[in-house]
Amino acid sequence: DRALPDVLSNGDFHEWHGGLSFPTGFDSPVNTAVSTLERDFMRGHLGTTGYTARQVWEAFDYLEAPESRFGTTLHLEPERDYIFSVVAAASPNMVATVDAYALGESGAAQLMAGNLVEIQGKEPDRYTGRFRTDKTGTVLLRSQASPLATLPGSVIWSSWELRLAPPAALV
């Protein structure tokens, strides 16, 4: 339900201070031989208001630690359902996903929702998925090139949004 507030700050990438390789509130890919991120000045994809981030993959990153991939780390309400949505477009034959990981008390990332969203298609579209936080509420949302992709390839991220899922209807 898009009427609920977006809890992800800067999901439209408008805060991207000069010289940084990533937007405020996000982490850049660590291994730039595998994946890079750059600010793109395309605006207005499906009503988005900020800038876009172009992620380019030269190699697959699905075997890399989640913390080393592009994405964000959030401290959310524990044991709650969330709806994650992106507006994105992919280069031909590119398939990318965003996965949700719980960052447990041990500090190790555990997959909560693989393929939370799967992006493919050269026209901007909205992709939506749902996940539930664990008892810590700390979540990593991280992109990766799908093993189904043909590389090199890229995704233009226009927005990332995260909202609490609306409460289930009372029966």
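Biologist: How much space lies in the largest cavity?

Modeller: About 40 Å³ lies in the largest cavity. This is a predicted model in which local features need pLDDT of at least 70 and side-chain atom pairs count only at pLDDT 80 or more, while totals for chains, interfaces and linings use all residues. Residues are numbered from 1 along each chain as its sequence is written, and side-chain values use heavy atoms, with hydrogens and water left out.

Biologist: What makes a space a cavity?

Modeller: On a 1 Å grid over the protein atoms alone, a cavity is a set of points where a 1.4 Å probe fits but cannot get out. Grid points are joined across faces, edges and corners, and the volume is the space filled by probe spheres set on the points. The structure holds one cavity of 30 Å³ or more.

Biologist: Which residues line the largest cavity?

Modeller: The lining, meaning residues with an atom within 4 Å of a point, consists of Pro29, Val30, Asn31, Val34, Ser35, Asp61, Glu64, Ser68 and Arg69. It divides into three nonpolar, three polar and three charged residues. Here Ala, Val, Leu, Ile, Met, Phe, Trp, Tyr, Cys and Pro count as nonpolar, Asp, Glu, Lys and Arg as charged, and the others, Gly among them, as polar.

Biologist: Why is Asp27 said to form a salt bridge with Arg142?

Modeller: A salt bridge requires a side-chain nitrogen of Lys or Arg within 4 Å of a carboxyl oxygen of Asp or Glu. The closest N and O atoms of Asp27 and Arg142 are 2.9 Å apart, so the pair meets the rule. Asp27 lies in the segment before strand E1 (35-40) and Arg142 in strand E8 (residues 138-145), 115 residues apart; strands are DSSP runs (E, at least two residues), numbered from the N terminus.

Biologist: Why is Arg142 called buried?

Modeller: Buried means under 20% relative accessible area, exposed over 50%, and partly exposed in between (1.4 Å probe, protein chains only). Arg142 has a relative accessible area of 1% and is therefore buried. Asp27, at 31%, is partly exposed.

Biologist: Why does Leu63 count as exposed?

Modeller: Its relative accessibility is 78%, and therefore Leu63 counts as exposed. Leu63 is found in the loop between strand E2 (52-57) and strand E3 (71-75).

Conventions
1 Å grid on protein atoms, 1.4 Å probe; cavity = no way out; pocket = protein on both sides within 12 Å on 5 of 7 lines; lining within 4 Å. Helix = DSSP H or I, 4+ residues; strand = E, 2+ residues; numbered from the N terminus.
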